[in-house]
Amino acid sequence: MALPNYFSSETHSQLQDRINQLSPETQAQWGKMNVAQMLAHCCVSYEMVYTDKHKGPNFFMRLMLKAFVKGPVTNEKPYPKNSR
């Protein structure tokens, strides 16, 4: 399954509509996070790029992430539900 292009206007408006429909009472459909936890989780990658709030990994950790995490995270196979 190919990932959608998040920069297309159609996909962007669909994602924005989904986010705008969230409320504190929204039940998790995939995983165990509540709405506030999920939004904070999604913001971490942006905070790492645009702020100095989160320290980046050192050389050894970057090497480990590239060797063991990059492949499963960036491939086309969807994540299993409730995985770590």
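How exposed is cysteine 43, in terms of relative accessible area?

1. Cysteine 43 is partly exposed, with a relative accessible area of 37%; cysteine 42 is also partly exposed, at 38%. Here, buried means under 20% relative accessible area, exposed over 50%, and partly exposed in between (1.4 Å probe, protein chains only).

2. This is a predicted model, in which local features need pLDDT of at least 70 and side-chain atom pairs count only at pLDDT 80 or more, while totals for chains, interfaces and linings use all residues. Residues are numbered from 1 along each chain as its sequence is written, and side-chain values use heavy atoms, with hydrogens and water left out.

3. The whole structure contains zero disulfides, a disulfide being a pair of cysteine sulfur atoms within 2.5 Å. The sulfur of cysteine 42 has its closest cysteine sulfur in cysteine 43, 6.9 Å away, which is too far for a bond.

4. The largest pocket has a volume of about 2200 Å³. On a 1 Å grid over the protein atoms alone, a pocket is an open set of points where a 1.4 Å probe fits, with protein on both sides within 12 Å along at least five of seven lines; lining residues have an atom within 4 Å of a point. A volume is the space filled by probe spheres set on the points.

5. Of the 41 residues lining the largest pocket, Arg18, Trp30, Met38, His41 and Cys42 lie nearest its centre. Helix 2 (35-50) is among the helices that supply at least two lining residues, and its eight residues form the largest share. Helices are DSSP runs (H or I, at least four residues), numbered from the N terminus.

6. The second largest pocket holds about 200 Å³ of space and is lined by Met48, Pro57 and Leu65.
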